[in-house]
Amino acid sequence: ANPTPLDLDRRVHHAAAIGDTARVLALAPQAAQEAARVGAHQQAAAHLATGLSHATKAPLAQQAQLHEDWSYEAGIAIGINDDIIAARHRAIGLWRELGKKDAIARNYRWLSRMHWYRGEAELAYDYIGQALAALDGLSETEEHAWAYSALSQMHMLNDRTDDAVTWGERAISLSRKLGANEPRIHALNNVASANPDGV
């Protein structure tokens with residue numbers, strides 16, 4: 001049988017208590033995923049924080065993912081503070097060492113969203129620009145569709161209707177080509193909100 005969130009919780013605590021780094025790094029993300037699945041985002045963030053306390057011994061990709069996941073779960077649990085933003089920057093630094101441009105772009109896109117929520121529109125625009133720059137020259141993927149849709153959303157929120165529609169349609173077109181539903185729905189919402197008469 002699959003371990004319950006409570007079983008995983010105990011195992012993570014036990015592994016951390018005895019300093020078993022390999023088990024912490026194996027179990028903490030799994031425990032966090034289970035906690036998040038049932039809406040326990042604070043618990044998920046706590047498990048990921050435990051993982052991060054052992055992260056220097058993990059491969060760079062796992063370190064980066066732990067920073068990303070902790071930033072996401074802690075952001076839901078406690079709101080967007082400077083630590084949560086710093087975790088995204090740490091993830092970007094690690095992904096940069098690995099040359100993972102799509103992952104760099106994903107984190108810039110999240111930074112854009114976070115700064116928008118904090119009322120920092122200029123930074124939000126800057127980071128979505130950096131996301132697109134990171135993707136420049138790569139074959140178009142779902143991350144491109146998300147970045148186009150995120151820029152469309154920024155324009156929509158700033159009443160720049162034409163730009164919102166242009167980037168939104170670009171995201172919709174690519175999403176259809178890739179069969180990627182989530183960015184397509186996101187972009188359709190942006191276009192409809194920006195230009196309700198055009199739908």
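Reply: Start with helices: they are DSSP runs of H or I, at least four residues, numbered from the N terminus. Helix 5 is followed by Gly99, whose phi is positive, near 70°. This is a predicted model: local features need pLDDT of at least 70, side-chain atom pairs count only at pLDDT 80 or more, and totals for chains, interfaces and linings use all residues. Residues are numbered from 1 along each chain as its sequence is written, and side-chain values use heavy atoms, leaving out hydrogens and water.

Me: What caps the N-terminal end of helix 5?
Reply: Asn81 does. One of its side-chain oxygens lies 3.0 Å from the backbone nitrogen of Asp83.

Me: Why is Ser152 called buried?
Reply: Buried means under 20% relative accessible area; exposed means over 50%, and partly exposed is in between (1.4 Å probe, protein chains only). Ser152 has 0%, so Ser152 is buried. This residue lies in helix 8.

Me: Why does Asp159 count as exposed?
Reply: Its relative accessibility is 69%, so Asp159 counts as exposed. Asp159 lies in the loop between helix 8 and helix 9.

Me: What is the phi of Asp159?
Reply: Positive, about 60°, although Asp159 is not a glycine. Most residues other than glycine have a negative phi.

Note on methods
Helices (H or I, at least four residues) and strands (E, at least two) are DSSP runs, numbered from the N terminus. A polar contact is a pair of N or O atoms within 3.5 Å; within protein, one must be able to donate a hydrogen and the other to accept it, and residues adjacent in sequence count only if both atoms are side-chain atoms.
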